[in-house]
Amino acid sequence: MSVVFCNYHGMSTYDDRPDPAKRLRLAREKAGFNTAKAAADRFGWVYTSYQAHERGERGIRPDVADEYAKAFGIEASDILFGGGDGEPLSVSPPGREGEKLSSEHFLAIYEKAASTVDGWILEHGDAVSHETRDKLIAREAVRLRQLVQRRLLPAG
């Protein structure tokens, strides 16, 4: 977290961690774990790695997000992208016809989104930061997920 000084209000704080780190912590708390250490111990994760993911010090790969999501009873896409319905984290997001998207379908959507964004970046010759690239991939993945849910795009 960063601290910002406001002349009118005095000291205030804001959370500048990447959104996936914020959603990971929220998922852990919703699953009933008060501390990162408690979750890491329960699931056999390396505490320092898990803590770095929650703090936003390390990015969260899709396969790792999937592992965390299974432990917390949610979808990996909830951690990486948030709920497709505008919620910061949906407890059980619907997939096709009210079903959850499988990890296999989620990874296919993520890979398609990453490929689309990377193609756009190469085509336009733009240099973008990893953070900007990740945000673009997240937006594209949410868009693709919504198309799958509406049956406008085949799952997988």
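This briefing covers the fold, helix packing, nonpolar core and salt bridges of the structure above. The model is predicted. The protein has seven helices and two strands, arranged along the sequence as β-β-α-α-α-α-α-α-α. Of its 156 residues, 35% are buried.

**Overall figures**

- The accessible surface of the protein is about 9,500 Å², and carbon and sulfur atoms account for 51% of that area.
- Among contacts with a separation of 6 or more, 51% join residues 24 or more positions apart.

**Helix H1 against helix H3**

- Helix H1 spans residues 19–30 and helix H3 spans residues 47–55. Their axes come within 6 Å and cross at roughly 115 degrees.
- On the H1 side, the contact is made by Ala21, Leu24, Arg25 and Arg28. On the H3 side, the residues are Tyr50, His53, Glu54 and Arg55.
- By residue class, this contact of H1 with H3 consists of four charged, three nonpolar and one polar residue.

**Burial in H3 and H4, and what follows each helix**

- In H3, the buried residues are Tyr50, Gln51, Ala52, His53 and Glu54. Of these, Tyr50, His53 and Glu54 also take part in the contact with H1.
- The cover over the buried residues of H3 includes H1, H2 and H4.
- Gly56 follows H3 and has a positive phi, near 80 degrees.
- Helix H4 runs over residues 62–72. Its buried residues are Pro62, Val64, Ala65, Asp66, Tyr68, Ala69 and Phe72.
- Gly73 follows H4, and its phi is also positive, near 75 degrees.

**The largest nonpolar core**

- The largest nonpolar core holds 31 residues, and those that touch the most other members are Tyr50, Ile60, Tyr68 and Phe72.
- At least two core residues come from each of H1, helix H2 (36–43), H4, helix H5 (76–80), helix H6 (103–124) and helix H7 (130–149).
- H6 gives the largest share of the core, seven residues.
- Tyr50 is one of the buried residues of H3, while Tyr68 and Phe72 are among the buried residues of H4.
- Which residues does Tyr68 contact, leaving aside its neighbours within four places in sequence? The list is Leu24, Trp45, Ser49, Tyr50, His53, Ile60 and Ile79.
- Within that list, Tyr50 and Ile60 are also among the core members that touch the most others, and Leu24, Tyr50 and His53 belong to the contact of H1 with H3.

**Salt bridges**

- Side chains of opposite charge can pair when their charged atoms come close. The count of salt bridges here is seven; three of them are described below.
- Asp19 and Lys22 form a salt bridge with an N to O distance of 3.6 Å. Both residues lie in helix H1, three residues apart, which is about one turn of the helix.
- Asp19 is partly exposed, at a relative accessible area of 41%, and Lys22 is partly exposed as well, at 28%.
- Glu29 and Arg25 form another salt bridge, at 2.9 Å from N to O. This pair also lies in helix H1, four residues apart, about one turn of the helix.
- Glu29 has a relative accessibility of 37% and counts as partly exposed; Arg25 has 34% and is likewise partly exposed. Arg25 is also one of the H1 residues in the contact with H3.
- Arg55 pairs with Glu57, and the closest N and O atoms of this salt bridge are 3.8 Å apart.
- Are the two partners buried or exposed? Arg55 is partly exposed, at 46% relative accessibility, whereas Glu57 is exposed, at 56%. Because the cut-off for exposed is over 50%, Glu57 at 56% falls in the exposed class.
- Arg55 is also one of the H3 residues in the contact with H1.

- Arg145 lies in helix H7.
- Is Arg145 buried or exposed? Arg145 has a relative accessible area of 6%, and is buried because the cut-off for that class is under 20%.
- The C-alpha atoms of Arg145 and Phe106 are separated by 8.2 Å, although the two residues are 39 residues apart along the chain.

Note on methods. Residues are numbered from 1 along each chain as its sequence is written. This is a predicted model: local features need pLDDT of at least 70, side-chain atom pairs count only at pLDDT 80 or more; totals for chains, interfaces and linings use all residues. Side-chain values use heavy atoms; hydrogens and water are left out. Buried means under 20% relative accessible area, exposed over 50%, partly exposed in between (1.4 Å probe, protein chains only). Axes are lines fitted to C-alpha atoms, for helices over the stretch in contact, and angles run from 0 to 180 degrees between N-to-C directions. Contact means heavy atoms within 4.5 Å. Ala, Val, Leu, Ile, Met, Phe, Trp, Tyr, Cys and Pro count as nonpolar, Asp, Glu, Lys and Arg as charged, and the others, Gly among them, as polar. A salt bridge is a side-chain nitrogen of Lys or Arg within 4 Å of a carboxyl oxygen of Asp or Glu. Accessible areas come from the Shrake-Rupley method with a 1.4 Å probe; for residues, only the protein chains shown count as cover. A nonpolar core is a set of buried Ala, Val, Leu, Ile, Met, Phe, Trp, Tyr and Cys residues joined through side-chain atoms within 4.5 Å.
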